[in-house]
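Reader: I have a new structure open. Can you show me how to read a few of its features?
Author: Gladly; take a look first.

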Amino acid sequence: MATPTLNVEDLSVDFTHRGTRISAVRQVSLQVAPGECVAIVGESGSGKTQVFMAAMGLLAGNASVDGRVCFEGADLLGTEPAQLNRVRGSKLTMIFQDPMTSLTPHLKIGQQLAEVLVCHRQATWGEAMSAARRMLERVRVPEAARRLNQYPHELSGGLRQRAMIGMSLMCDPALVIADEPTTALDVTVQAQIIDLLRAMRAELSMALVLISHDLGVVAGLADRILVMYAGRIVENAGAAQLLRQPRHPYTAELLKCIPSVTGPRWERLPNLPGQPPQAGDSPAGCAFAPRCPRAADRCRSERPLLQASADTDGPARGVACHFPVLT
Amino acid sequence: MLRYFLTRLAGAVPTLFIIVTISFFLIRAAPGGPFDQEQTLPPEILANLENAYGLDQPIWTQYGRYLAALAHGDFGPSFKYKDFSVTELIGQGFPVTFEIGSIAILLALMLGIPIGTFAALRHNSAADYVSMTLAVVGVAIPTFVVLPFLGLLFGIYLHWLPVAGWEPGSIRHLLLPTIALALPPLSVIARLVRASMLELLSSPFIRTAFAKGLPLHTVILRHAMRPALLPVASFLVPAVASIMTGSLVVESIAGLPGIGRYMVQGALNRDYTLVLGMVIIYSTLLIVMGLLVDLLYAWLDPRVRFER
Amino acid sequence: MSSLLEDAARRLRSNPAALGALIVFVCLVALTFIGPWFNANAGDTLDWSHVAAHPALQSAHWFGTDRLGRDLYARTLEGARVSLAVGLVASAVSLLVGIGYGAIAGYLGGRTDHAMMRIIEILSGLPLIFFVIFLTVIFGRSEYLLFLSIGAVGWLTMARIVRGQTLSIRRREYIEAAVASGASTGRIIVKHVIPNVIGPVVVYATLTVPQIIMFESFLSFLGLGIQEPHASLGTLIAEGAGEMEAAPWILLVPGGFLALLLLSLNIFGDGLRDALDATEP
């Protein structure tokens, strides 16, 4: 493969709180190819967001990081802040979950978009504001010129998220990380945002990382899906394959939980019993074992490693399970 | 937003009116008269004096005449400083007090905000602890202890600055009084800014600003500063009130010819009109400050503008 | 509930600054009472042979004397006693008034509460000193006035806090039970509301006491407070300020004492508030 846009090698992130050390990310490795859309799926606490917080240099002060993260071949974790600031916001950008709290309340929308260009491309404010207006039009914000001069609280949730997306695309990034971009929005608006992301990818052909706890949301957009549980990657496969034939029991259970309009009507909604392990625990063996319907003794004592799973059609896939589902 | 401001302005006028009225009647209701401290005067002279000052009129007449005079900026004669009217005394003293007070509040803001910001950025470092300790000292030790101590150190031992006295336009005479006055509000402002900045630094929109690759100074100044200053804006009116209170002491110690000194003298000499005039001036100042702070809020937080 | 206090006590114990401050404060207070034993001089004897003498540990006057030959050690301790006494009495009064006012406002709620809080709002805006000066002009200088006006310093904040606590307690079940069993409003306030409000009250008391001591010194400094021949730290500092050039110790001794007193109270109060504040650093 050509140089992957993002290459994460053996990344571990720990947080130290009042003396105790909590592992959020445990030895995660992944790659994002240029132009690829990779979805990272998992419950809250699975570590999916922290992987990319580490990449962006946005971890909290009590975090310690181990491993490597390379963006377009260059190391991100070890660079100086000035160098990191050149990359993030321009070539490597991030969209956050709640656009109401993630946009600065006292600055106009136009300003918040324009400042990206002013900072990274040394544009004048005049040029940057025109570019901002064009971007708002591009992300399908109606009455873009008027919206430029409004404050975040004057826009609806969907429009705010569009503005956030626009903000992340100002400098034509190579990779956009979208952290739960639809979670804080109404269901009807969610679909619009996914459509927008799809359209933007088609126009700009940037790589996209989609972080979500909802497989249904990522299904229409992702090329590849990674499933994380308790800080580790447990499955990695092409989107179509994963959705058709999940190998890891956790993935299989997740798929069962997606409500479907056309599928059978359930008496009770299916759900996964139990809880993911507490952030501080380091269980021996497979972390999913307590909740896994297929668990055996081997699962409880020996932690399964992510292994390539033989497959005749489609891209390579991996699964971390002693007894993967093979149908 | 203009409508919001005008409503507040309209509300301020009755408040001032009430203050004037209550003050007037309270003072007149006091036992004894303004001439009690003189040696007992023969009744005819007392009657003449009272006539001259209009004190033998019915109280409502006195009130009406006072208000009328007030509308012309005439606060009446001083009972103690017989050669001067209160208006003249205010005219002489107010510029001095205003100058010192303004410099003090500006100092408090210009030093307090950066100190608080740096303390937040260097949370839990030595610099943080040192500055916050100094802030406690600044608040705990009263101005009338700080100023003489400063005078002792810089004036008498080091001979750098004059201990007391006043020359118009002289910075050397300004320095110690304004520093002593600024110290308590400076300390509070530093603590307020540090606390709100710390909270803001972990908020989502600041995280977004960092994610956009903006340099630290841009994130702090453009994105964090305005919300961080909201508690400081709330504190501005109490800060000015505390500087007013402090000025009484500072002017007395440093011998500055401001209205603070007149306030104290007026109290000690039971000079009614003088004290009444001072109270009106100070209250007006505070009310004006309050209105300005309201404007400031609207600028700091655009959401406020839309609430009215 | 008690584990909250234990938690707080533990946090307080691990705060060296606050503990140090408490020790300093206790020592200073102890000194004002037992200090005179160590040095036989009285505060009002005029020693004409040692006017404005420098402090000297070998001489009879450890901290020197003032312009009238009075021993500064004794005078300072006496001034401190007065300041502390006035401070504590006035604090107690203002606390009682504040707690009572706040409890009543919070318990009665509705329009009464609203009106009572408006009054507090208006009073909070006025710098107290002007109010005091006002009263002084009207009634002349008197030490009763002093107590009254000083007491007026602290009750506002206390009333607000107690009212807030009362409002939240009012809705709890044991209050409903008390009402249902026929207890009178007054009884409920005294027996149920007030004991549950003690926590924050203690904390803000540590804020209020230094404020009140400072205010009394301030008034005395200006000449509006304690009058001759009584001395308080404020009057002593005023004297000292006048003698700064010739005899600086007349300023430094009472000034330093007051500064230490207020500083230690403030630091301890800060530590206490941090310890009782449930949120993490």
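**Reading helices and strands**

Author: The crossing of α4(B) and α7(B) is right-handed. Keep in mind that this is a predicted model.

Reader: How is the packing of two helices described?
Author: Packed helices are described by the angle between their axes and the distance between the axes. Here, helix α4 (residues 86–121) of chain B meets helix α7 (residues 171–201) of chain B at an angle of about 35°. Their axes are 6 Å apart.

Reader: How many residues of the contact of α4(B) with α7(B) are nonpolar, polar and charged?
Author: The contact has 25 nonpolar residues, four polar and two charged.

Reader: Now a strand. Where do the side chains of a regular strand go?
Author: They alternate between the two faces of the sheet. Take β9(A): A:Arg224, A:Leu226 and A:Met228 point one way. A:Ile225, A:Val227 and A:Tyr229 point the other way.

Reader: Are the residues of strand β9 of chain A buried or exposed?
Author: Six of the six residues in β9 (residues 224–229) are buried, and the strand is mostly covered.

Reader: Which way do β3(A) and β9(A) run, parallel or antiparallel?
Author: Strand β3 (residues 37–41) of chain A runs parallel to β9(A), joined by four bridges. A:Ile40 stands opposite A:Leu226 of β9(A).

Reader: In which sense do β9(A) and β10(A) pair?
Author: Strand β10 (residues 232–238) of chain A pairs with β9(A) in the antiparallel sense, over six bridges. A:Val227 has A:Glu235 in β10(A) as its bridge partner.

Reader: What do β9(A) and β10(A) form?
Author: A hairpin, with two residues between the strands. In the turn, A:Ala230 has a positive phi of about 50°.

Note on methods:
Residues numbered from 1 in each chain as written. Chains lettered and ligands numbered in written order. Predicted model: local features only at pLDDT ≥ 70, side-chain atom pairs only at ≥ 80, totals over all residues. Axes fitted to C-alpha atoms, helices over the stretch in contact; angles between N-to-C directions. Left-handed = near helix turned anticlockwise from the far one by under 90°. Nonpolar A, V, L, I, M, F, W, Y, C, P; charged D, E, K, R; others polar. Buried ≥ 20, exposed ≤ 12 C-beta atoms within 10 Å, placed from the backbone. Pairing = 2+ DSSP bridges.
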